[in-house]
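Please walk through this structure with attention to its charged side chains, its pocket and its backbone angles.

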Amino acid sequence: MSTARIRLPATLDQLLRSELEVCIQEANLGTVDERIAREYMLDKTPQIEIAAELGWTRPTMSRHIKQIVGKVDETARRLELV
């Protein structure tokens, strides 16, 4: 496994794992994006590894993760967890 650093906004980084799981579930991301969110945000899997699993390029994965993290962050705010 790679040692790449997973970067989350400070608002999400302070959440407990259980709170982050709720935010991911409540963000209504869809099957693939929810899988990506769980692998990246909960399991701390590097983007490049997730991209390889899905057969995507690194830039495509980066764009998806940016959107996913934004939706999860918005959900955390809506749920007043941050």
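With which residue does Arg 38 form a salt bridge? In this predicted model, the partner of Arg 38 is Glu 34, and the closest N and O atoms of the pair are 3.2 Å apart. Both Arg 38 and Glu 34 belong to helix H3, where four residues, about one turn of the helix, separate them. Arg 38 is partly exposed, at 29% relative accessibility, and Glu 34 is also partly exposed, at 23%.

Helix H3, which covers residues 31-42, holds another such pair. Arg 35 and Glu 39 form a salt bridge with their closest N and O atoms 2.9 Å apart. Arg 35 and Glu 39 are separated by about one helical turn because they lie four residues apart in helix H3.

The side chains of Arg 17 and Glu 21 meet in a salt bridge with an N to O distance of 3.3 Å. In total, the structure holds six salt bridges.

Asp 33 is buried and has no salt bridge, and the nearest side chain of opposite charge, that of Lys 71, is 5.2 Å away. The side chain of Asp 33 does make a polar contact, at 3.2 Å, with the side chain of His 64.

The largest pocket has a volume of about 240 Å³. Its lining consists of 13 residues, and those closest to the centre are Arg 5, Arg 7, Tyr 40, Gln 47 and Arg 58. By class, the lining comprises seven nonpolar, two polar and four charged residues. Helix H4 (47-54) and helix H5 (58-78) each contribute at least two lining residues. The largest share, five residues, comes from H5.

Most residues other than glycine have a negative phi. Which value does phi take at Asn 28? Phi of Asn 28 is near 55 degrees, a positive value in a residue other than glycine. Asn 28 sits in the loop between H2 and H3 and counts as exposed, with 68% relative accessibility. Lys 44 also has a positive phi, near 60 degrees, and is likewise a residue other than glycine. Lys 44 is located in the loop between H3 and H4, and at 39% relative accessibility Lys 44 counts as partly exposed.

Methods
Residues are numbered from 1 along each chain as its sequence is written. This is a predicted model: local features need pLDDT of at least 70, side-chain atom pairs count only at pLDDT 80 or more; totals for chains, interfaces and linings use all residues. Side-chain values use heavy atoms; hydrogens and water are left out. On a 1 Å grid over the protein atoms alone, a cavity is a set of points where a 1.4 Å probe fits but cannot get out, and a pocket is an open set with protein on both sides within 12 Å along at least five of seven lines; lining residues have an atom within 4 Å of a point. Grid points are joined across faces, edges and corners, and a volume is the space filled by probe spheres set on the points. Ala, Val, Leu, Ile, Met, Phe, Trp, Tyr, Cys and Pro count as nonpolar, Asp, Glu, Lys and Arg as charged, and the others, Gly among them, as polar. Buried means under 20% relative accessible area, exposed over 50%, partly exposed in between (1.4 Å probe, protein chains only). Lys and Arg count as positive and Asp and Glu as negative; His and the chain ends are not counted. A salt bridge is a side-chain nitrogen of Lys or Arg within 4 Å of a carboxyl oxygen of Asp or Glu. A polar contact is a pair of N or O atoms within 3.5 Å; within protein, one must be able to donate a hydrogen and the other to accept it, and residues adjacent in sequence count only if both atoms are side-chain atoms.
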